[in-house]
Amino acid sequence: MEFAFPWPMTPGEWWAWSSAAVTVLFGLVLLFAPRVSLRILRLQPVETRQEAVAEARATMAGFYLGLGMCCILLAQPLLYLALGFSWLFTAFGRIISMLSDQGNKLYNWVWLFLALVLAGLPLAFAFGFSG
């Protein structure tokens with residue numbers, strides 16, 4: 001079996017690929033700069049509980065890198081569908097937090113918008129709404 005890098009050809013593929021690339025970039029930052037990432041996310045490990053840094057590197061970075069890299073390397077519509085729904089549920093969680101946790105702040109609105117864009121790009125491709 002020959003492996004070839006599936007370079008995006010249509011605008012829809014580029015949209016989906018871009019969402020996957022941003023997801024991989026987030027994963028790389030979480031993997032190699034977890035403390036900075038946690039600070040950006042407004043999270044902070046307690047001095048006596050440094051396991052939070054391992055969570056950022058393992059659980060958070062692992063999912064971002066795993067799903068993003070699979071989308072980029074395999075370029076299958078169902079993988080882009082999974083990426084889109086993952087970001088869509090991220091946005092849903094943000095909305096629930098804004099409604100339930102007094103999180104109606106500019107920070108959450110910016111991240112909600114980003115999650116919706118990152119969800120919409122691969123979903124538009126996977127559902128055939130793009131060229």
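What is the handedness of the crossing of helix 1 and helix 5? The crossing of these two helices is left-handed, a term used when the near helix is turned anticlockwise from the far one by less than a right angle, right-handed being used if clockwise. The structure is a predicted model, in which local features need pLDDT of at least 70 and side-chain atom pairs count only at pLDDT 80 or more, while totals for chains, interfaces and linings use all residues. Residues are numbered from 1 along each chain as its sequence is written, and side-chain values use heavy atoms, with hydrogens and water left out.

Helices are DSSP runs of H or I with at least four residues, numbered from the N terminus. Helix 1 and helix 5 pack at an angle of about 135 degrees, and their axes are 7 Å apart; axes are lines fitted to C-alpha atoms, for helices over the stretch in contact, and angles run from 0 to 180 degrees between N-to-C directions. The two helices are therefore oblique to each other, given that angles under 35 degrees count as roughly parallel, over 145 as roughly antiparallel, 65 to 115 as roughly perpendicular and the rest as oblique. Their contact (heavy atoms within 4.5 Å) involves residues of helix 1 including Trp15, Val22 and Phe26, and residues of helix 5 including Trp111, Leu118 and Phe125. The residues of this contact of helix 1 with helix 5 comprise 11 nonpolar, 2 polar and 1 charged, where Ala, Val, Leu, Ile, Met, Phe, Trp, Tyr, Cys and Pro count as nonpolar, Asp, Glu, Lys and Arg as charged, and the others, Gly among them, as polar.

Helix 5 also packs against helix 4, at an angle of about 155 degrees and with the axes 8 Å apart, which makes helix 4 roughly antiparallel to helix 5. This crossing of helix 4 and helix 5 is left-handed, and the residues of their contact divide into 22 nonpolar, 3 polar and 1 charged.

Tyr80, Leu83, Gly84, Trp87, Ala91 and Met98 of helix 4 are buried, that is, under 20% relative accessible area, with exposed meaning over 50% and partly exposed in between (1.4 Å probe, protein chains only). Their cover includes helix 1 (11-32), helix 3 (51-74) and helix 5 (106-126). Ala82, also in helix 4, is partly exposed, with a relative accessible area of 33%.
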